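Hi,

Here is the structure I promised to pass on. My notes on its pockets and rings follow below.

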Amino acid sequence: MEKFDKKAIDEQVRAGFPLEHRWHNKFHLEMPFGLINDPNGLTFSDGKYHIFFQWNPLGCEHKNKCWAHTETRDFIHYAVPQLAMWPSDEHDKDGCYSGCGTVEDGQLRVLYTCNRKEDGVRIPAQRFGSYKGGQVKKEEIIVADKAEGYTGHFRDPYIFTRRGKRYFIIGAQREADETGTVLIYEEGAEGWKCLGEVKNRLGEFGYMWECPNLVQFGSYDVLIFCPQGLDERAFDRQNIYQAGYIAGHLSLDSMDMMQHTKFQELDKGFDFYAPQVLSHEGRQLLFGWMGMPDKDGEYPTKEQGWMYSLTMPRELRLRQGHIYSRPAREMKDLRIQETAVEMESEALTEIARPLFDGSEILLDIEMGEAKELVVALKYGTESLLFIYDRREQTMSIDRNGMRNGGRGIRRFKLFADTKLFLQIFVDKTAVEAFFQHGEEAASILVFPEKNIQPELQVTADGEMMSLSGKIWELDGYWYR
Ligand code: FRU
């Protein structure tokens with residue numbers, strides 16, 4: 001049998017839905033088996049959102065990288081994912097790596113990195129393909145190798161249009177000092193030409209930049225990328241690798257990102273990497289990978305034969321150089337209205353409510369006398385804590401109360417004067433939290449030992465002036 005037998009693999013996936021294991025999520029995209037990572041090829045075509053993602057259908061290791069595909073009209077009803085593209089010739093024999101999607105004359109096309117290693121040397125090629133009848137037909141290679149002066153770490157093209165022309169931006173590593181950067185290519189009559197690096201004021205900034213996106217927000221350009229090799233700091237960069245952005249003005253003439261902000265992370269949780277943005281109908285929609293490279297040991301579902309999920313879709317807005325992320329409005333349709341629990345109290349130090357098998361929590365807290373507030377998800381004797389320290393103006397996410405999987409604390413600055421606003425989506429293992437109306441977001445995976453519904457507890461070290469909020473049970477995604 002061929003290594004990647006599409007028919008057999010698709011059947012096996014179909015048989016795996018609905019997802020059964022108790023650590024499988026209800027409203028986060030994942031696969032019944034294999035390892036998934038980066039969202040790829042996000043496009044809107046034919047009235048549907050197309051979502052591809054990296055997938056190893058053959059095991060839970062980072063190899064055999066294929067693309068899986070699903071589609072949705074509403075981010076609630078999804079097609080059962082299928083194997084869309086797999087290593088099949090000498091160019092991509094070592095993996096169909098990440099890339100993007102675009103619509104050309106009504107046809108959905110993808111652009112991806114062919115990963116190929118010969119005697120340990122990487123020969124990355126960038127290739128187009130057309131998505132037809134459930135799979136990608138591989139077509140022309142537009143850039144056959146890395147650019148001169150860069151190492152084989154040269155991947156993850158993201159296509160964009162400016163001045164009536166097409167460009168793509170790609171992650172790279174400089175040969176001279178093995179530092180990370182991004183390059184831009186421009187399409188012309190003679191093919192795709194390298195315009196060079198995007199100049200910026202970040203200085204030396206890690207050894208590799210993966211998965212760049214270039215997205216317009218009004219008159220601003222936002223360069224999203226995933227730098228590797230940055231040192232941890234007191235309030236940020238606490239994961240092994242980062243996913244963040246700079247906002248500014250990109251000049252394609254001088255290849256300069258002008259007047260850009262500092263580098264900011266898109267997510268402050270433990271499990272977020274390689275996001276991709278789709279611009280559609282004035283919205284900037286983001287999916288991220290809920291996982292982290294080189295940390296497979298922190299994810300115990302490996303023993304069950306599957307690993308990782310994608311985030312829910314998020315909508316991004318840029319305000320004063322900062323990206324606000326909120327769950328896409330479609331997620332409201334998952335709310336099961338009749339389950340709504342209202343919380344409304346004054347002058348209290350503690351409140352507790354049972355949660356559902358999949359919940360959304362809205363919390364609006366007027367902090368009053370409280371100097372420290374703890375919002376806990378209690379899974380019996382295990383817990384995931386969000387601790388707000390008002391004096392330090394910091395939020396800490398503490399996963400040390402969980403016995404399985406990754407642990408540790410992530411701490412970041414969060415300016416809340418008197419009011420704290422939290423929106424938390426609690427799926428079976430995926431938790432996504434949005435702070436102060438999306439000013440910060442955090443993706444966290446927890447693997448509770450017992451199959452029980454968590455309880456929400458809010459405790460304060462002084463009287464809170466008021467707490468109001470709501471809890472809904474959330475429905476799961478539907479697959480057909
Ligand atoms: C990021 C990444 C990309 C690469 C892909 C391979 O997670 O390393 O740079 O294209 O994963 O799966």
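This is a predicted model: local features need pLDDT of at least 70, side-chain atom pairs count only at pLDDT 80 or more; totals for chains, interfaces and linings use all residues.

**Pockets and rings**

The lining of the second largest pocket splits by class into 11 nonpolar, nine polar and two charged residues (Ala, Val, Leu, Ile, Met, Phe, Trp, Tyr, Cys and Pro count as nonpolar, Asp, Glu, Lys and Arg as charged, the others, Gly among them, as polar). Its 22 lining residues include Tyr158, Ile159, Phe160, Leu278 and Ser279, which lie nearest the centre. A pocket here is an open set of points on a 1 Å grid over the protein atoms alone, where a 1.4 Å probe fits, with protein on both sides within 12 Å along at least five of seven lines; lining residues have an atom within 4 Å of a point.

For the largest pocket, the lining has 10 nonpolar, 10 polar and 11 charged residues.

Residues are numbered from 1 along each chain as its sequence is written, and side-chain values use heavy atoms, with hydrogens and water left out.

The whole structure has 29 aromatic pairs (Phe, Tyr and Trp rings, the six-membered one for Trp, with centres within 6.5 Å; planes under 30 degrees apart are stacked, over 60 edge-to-face, the rest tilted). Phe33 and Trp55 make a tilted one, at 5.6 Å centre to centre and 50° between the planes. Both Phe33 and Trp55 are buried (under 20% relative accessible area, 1.4 Å probe, protein chains only). Ring pairs also join Phe128, Phe154, Phe168, Tyr185 and Trp192 into a cluster.

Cheers

How values were computed:
Buried means under 20% relative accessible area, exposed over 50%, partly exposed in between (1.4 Å probe, protein chains only).
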